[in-house]
Amino acid sequence: MTIQAERTAGTPAQAPGDAPAGVALAQALAREFRPHVLERERRGDPPYEELARIRETGLVNLHIPVAYGGGGGNWRQLARVVVELSRADPNIGGLLAYHYHNFIAPFWDPYFDAADIQRKSAANRWLWGHITGPVGAFKAVPQPDGGFVVSGTKPQNTGPATGDVTVLLAQRTDRREAVYAYVPTDRKGIVYHGGWDHLGLRRTATQPITFDGVVVHPDEVLPNTTGRPIKSMPRFYYATGSLAFGAIYVGAAWGALETARALLRSQQKTTGTAADPRVLAVLGELVGKATALLDLQDEAARRLDQAYARRRTLTDDEHDAVGMHAEAFRGLAARGGIEIGNRVYDALGPAGADRAAGLDRYWRDVRIHSLHPPSYPQSDILLGDWAVNGQPVRLVLPL
Amino acid sequence: MTVTEEAPAFQEYGDTDTRGDGEWLRTARRLSDEFEATAIEREQREEAPVAELATLRETGLVNLLIRKDLGGGGGSLADAVRVVAEISKGDAAIGALLAFHYYVSFVPRLWDFRGDAAEIQRRSAAGNWLWANVHQPGVGKFIARPAGDGGFVINGTKRWATGGPLADVTDVIAQRTDRRELLFAVLPTDREGVSWRDDWDHLGLRLTATVTVDFTDVVIGPDEVIASTHDAPQDRFPPLYTAFVLPLYSAVFVGATRAALTRTRDYLRGRTRPRLAAAGVAPVDDPLTQRLLGHHLAELEVGQEFTYSVADRVWEAWGNRLALTDRDRGELAAYAGAARRLTADVALEATPDVYELTGTWAAINSYGLDRHWRDVRTLSLHDSLAQSLAGIGDFYVNDAFRDFPRFAV
């Protein structure tokens, strides 16, 4: 089986009807980023330069409908973009995954699409982060003008430190409801504590963040036209998160396979291992798994896109089924990403562990990110509860 | 088997040894604890384990495999395996260096099959030598030219020679220019013309100094040459080489896996925040925690017992070495290969999985939970698992074990 140099096996760069500036653009940017990844990853440098290119080229707006000034990409393309970027660097793919997944304003406003926020986001090429942990740690005090003053601390946050705006979840102090809002990441009163020195995703600048009396203006509060009070996370949040996170793992798996392929080819003259059936069998088994994961990702995205298109009439059961399917994908992708990042070494000699090859970063990145709740043992319970008891994941907030 | 904290850990590796009093295992246990306390810091500072290796010399653990009548400990391969597993639990890099030392210092006895390399054993015991190796004459063309006095002059380069800069002596296998045969010799690591580069920058086992070595007109004295006492000219690795090497590798996998599980357990004992199952359940009472740790522990125990069994069979075969057939030796190598494959698989599954139990906080670099995976992943690349598995199948199907190429041409 041949893996094309610039295309993963079985992965068309574009499908009919895709936005032109989508996956192909991500591939081009990934090529551009790849030469610097090793050195920057080792130093843990946040990808400011790369994210600037993602803004400049418009990839940052792919998730926004054309009508609001965006690229009009669907979830199949967004997830593919995460894959393409993660093949080069799961840190960058990961930050884009968070970015697309946390653009939740439209999820709370199914009738008007949060059109105003969408236009602003597209016009300013905003990159989004999120601070949406357990609400109890963040309190929102209502103000007479309709805004809030927010205070609290959340220990691990990905995206705000490298983004332009961040979505925010806090508990209202006046009633048992939550509020969703967004603020610029440099708003007065936001304190970044830094200190990220972990196994993987070393470039994401994940860190504790404190809100110390941060003012949220009325037009920064996300409009809610769902007809329900905010007592849970919004519809589609679970499915988009599972899809986007799983796409990081799929991209990392392909990145590891491609790194191994390059090593085998470069050693072929001296070792002959690229023609050794025992080695090919190891790699082939893993390529088979990665191919299946990518297809499953496309299918999860297709279901999500279809459901989202019918969001105003979608029943809870239909919505939940999409989320559980995406969860099944993410669990398999996490296991697959860890296994592929780990076992791909079986096809290599000691050169595979040479730090100059940088193969370990794919395993490290998937290993650490897949601990993000629900980790796959938790995911097994969730899927089991759904299968046995018909109980879906609803993300009810502990208010 | 015991998993309670209070029980002496050597019970985890069996509580008997050839001495009968468990003294080697107690010593190894003590050193392992000492090494573990500084392992993360030592690796992050990239500090060679010079003091730790000195302790292995002083305590006599380096001499464990040498015959008692020649000044050594008179231990068995299974004793060496248990000590390596114990040391690897504290620091797999040092465990791997000791594993390499044990089999490398045994190769003279495999070469001088009838004479048991008695003189070199005596000198090694007297000097508390730590051994390194330069064992792949086919890679980088190690060439030995006769010097006329019974000695030789050797030239060659080898990548990934483990522990040379940290050891006292190294053995070398080279191709003789005067006949189709390999030369085997033992020399001090600081011999003129031997240079160990500083080029090891790999994923794991980072303190093993697995560097490129260059031999430039290195003079070998006649008394440094170990003569083969096999009937046929020696044109490949000697018999039983694989059978001695692989259980010692398995021991490193076993020890590193044990370390990952033990550290995870200890970490969870100090935590109250629920992790996997429903809210309100402490990590140690979480059925998922128990299931995952139980699964990996069960696999580890199987791998460990398999490894001991291999070591015992190899040692028995060694006692009976002159009567062994090719098939006997092939069977032993395949059996040892199966145990190595199993223990490597267990290690490669368990060391990533423990993160499921500890979560993101324990993934902080200062806690260093990743060193267990990095070390086993690196050691398992020494020779490809894919190829070794095929070798086991080859023996099963064809009654032949063809793992090592012939070198002399």
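Predicted model: local features only at pLDDT ≥ 70, side-chain atom pairs only at ≥ 80, totals over all residues.
Residues are numbered from 1 along each chain as its sequence is written, and chains are lettered from A in the order in which they are written.

The contact between the two chains, where two residues are in contact if their C-beta atoms, placed from the backbone, lie within 7 Å, takes 27 residues from chain A and 27 residues from chain B. On the side of chain A, two or more residues come from each of α8 (277-309), α9 (316-343), α10 (360-369) and α11 (376-389), these helices being DSSP runs (H or I, at least four residues) numbered from the N terminus. The largest share of this side, 4 residues, is given by α8(A).

Within chain B, the axes of helix α3 (residues 77-90) and helix α8 (residues 287-319) come within 8 Å and cross at roughly 150°, where axes are lines fitted to C-alpha atoms over the stretch in contact and angles run from 0 to 180 degrees between N-to-C directions. The crossing therefore makes α3(B) roughly antiparallel to α8(B), a term that applies to angles over 145 degrees. In this pairing, Leu77(B), Ala78(B) and Val81(B) of α3(B) meet residues of α8(B), among them Thr307(B), Tyr308(B) and Trp315(B).

The domain assignment of chain A, which comes from an automatic or database source, gives domain 1 (23-112 + 115-124), domain 2 (128-220) and domain 3 (237-389). The C-alpha centres of domain 2 and domain 3 of chain A lie 30 Å apart, and their contact takes 4 residues from domain 2 and 6 residues from domain 3.

Methods: Parallel < 35°, antiparallel > 145°, perpendicular 65-115°, else oblique.
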